[in-house]
Amino acid sequence: CFLWIWSLGPEGRDPWLREHGVVEMGTVIAYVVFLLLYAYFIRLKGTVCAPILVSLMMFRELDFHAAFTTMSITKSRFFLSGEVPWYEKLVAGMVWLLAIYRVLRVGLYFFKPTLGALKKGHAYAWAGVACAFSTLLGKAMDGLGRKLASIGIEIGEANNKYWGAFEEVIEMGIPLYMIVAVVAYEVLT
């Protein structure tokens, strides 16, 4: 998918990769589809931690982390800055605590069953692993040019755009793997 989008050239790929473009909005739509499928298939058999965490991820994709505050709550200086009012820090702190708590709960809830399902070769477990890998890879690649520049490595504007576009497509895979996991789980169980 990424190679096809990149092959469109600068003007052809712009609608796909720009802020609130096709890939980013497709990612949000895929999160919504996952949440609907999870509610329909899993119902009360699963944990509410997963849909809450996925909702937080969707809101992050919609730039909620920066839309309602003085600066992005994902910036390391957010909590130390004098520019940010105390009430924004309080709300952002609660959001961070909720996110961290949900990540830990989802990890604990799914870890052992996923290991067992991986040993049995179940598709939903492999989709879950692909989702986790894509999440980590996307986070590592987010702002790659800026991260490398901080240690003295300049990659240039063209490479920065390339890896930024790759990161957006990787992030789109996260909810798609989630959809595969929930559908495969429903079919196999």
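**Exercise 1. The chain as a whole**

Task: Describe the contacts, the helices and the overall dimensions of this predicted model.

Solution: 
Step 1. Consider contacts in the chain between residues at least 6 apart in sequence: 60% of them join residues at least 24 apart.
Step 2. Turn to the secondary structure, which comprises nine helices and zero strands. Read from the N terminus, the order of elements is accordingly α-α-α-α-α-α-α-α-α.
Step 3. For the dimensions, take the C-alpha trace, which spans about 50 × 45 × 30 Å along its principal axes.
Step 4. Finally, consider burial and surface. Of the 189 residues in the chain, 35% are buried. The accessible surface is about 11700 Å², and carbon and sulfur atoms account for 70% of that surface.

**Exercise 2. The salt bridge**

Task: Determine how many salt bridges the structure holds, and state which parts of the chain are linked in this way.

Solution: 
Step 1. Apply the cut-off: a side-chain nitrogen of Lys or Arg must lie within 4 Å of a carboxyl oxygen of Asp or Glu. The structure holds one salt bridge.
Step 2. Identify the partners. Arginine 60 pairs with aspartate 142, and their closest N and O atoms are 3.2 Å apart. This pair links distant parts of the chain, since arginine 60 belongs to helix α4 (residues 49–61) and aspartate 142 to the loop between α7 and α8 (144–149), 82 residues apart.
Step 3. Classify both partners. Arginine 60 has 33% relative accessibility and therefore counts as partly exposed. Aspartate 142 has 21% relative accessibility, so aspartate 142 also counts as partly exposed.

**Exercise 3. A buried charge**

Solution: 
Step 1. Locate glutamate 167 in helix α9 (residues 156–188).

**Exercise 4. Patches and an exposed leucine**

Task: Find which residues form the positive patch and which form the nonpolar patch, then classify leucine 136 as buried or exposed.

Solution: 
Step 1. On the surface, a patch of positive charge gathers Lys75, Arg77, Lys139, Arg146 and Lys147. Arginine 77 sits in the loop between α5 (64–67) and α6 (86–119), and its relative accessible area of 49% makes it partly exposed.
Step 2. The nonpolar patch consists of Trp86, Tyr87, Leu90, Val91, Met94 and Val95, which together have about 650 Å² of accessible area. Leucine 90, in helix α6, has 48% relative accessibility and so counts as partly exposed.
Step 3. Leucine 136 is part of helix α7 (residues 123–141). Exposed means over 50% relative accessible area; leucine 136 has 63% and is therefore exposed.
Step 4. Compare sequence with space: leucine 136 and isoleucine 170 are 34 residues apart in sequence, and their C-alpha atoms are 9.9 Å apart.

Notes. Residues numbered from 1 in each chain as written. Predicted model: local features only at pLDDT ≥ 70, side-chain atom pairs only at ≥ 80, totals over all residues. Heavy atoms only, no water. Patch = residues over 30% accessible without salt bridge, like charges linked within 9 Å, V, L, I, M, F, W, Y side chains within 5 Å. Areas by Shrake-Rupley, 256 points an atom, 1.4 Å probe, with all protein chains shown as cover. Lys, Arg positive; Asp, Glu negative; His and termini not counted. Charge placed at Lys NZ, Arg CZ, Asp CG, Glu CD. Helix = DSSP H or I, 4+ residues; strand = E, 2+ residues; numbered from the N terminus. Buried < 20%, exposed > 50% of the residue type's maximum accessible area, 1.4 Å probe, protein only. Contact = heavy atoms within 4.5 Å.
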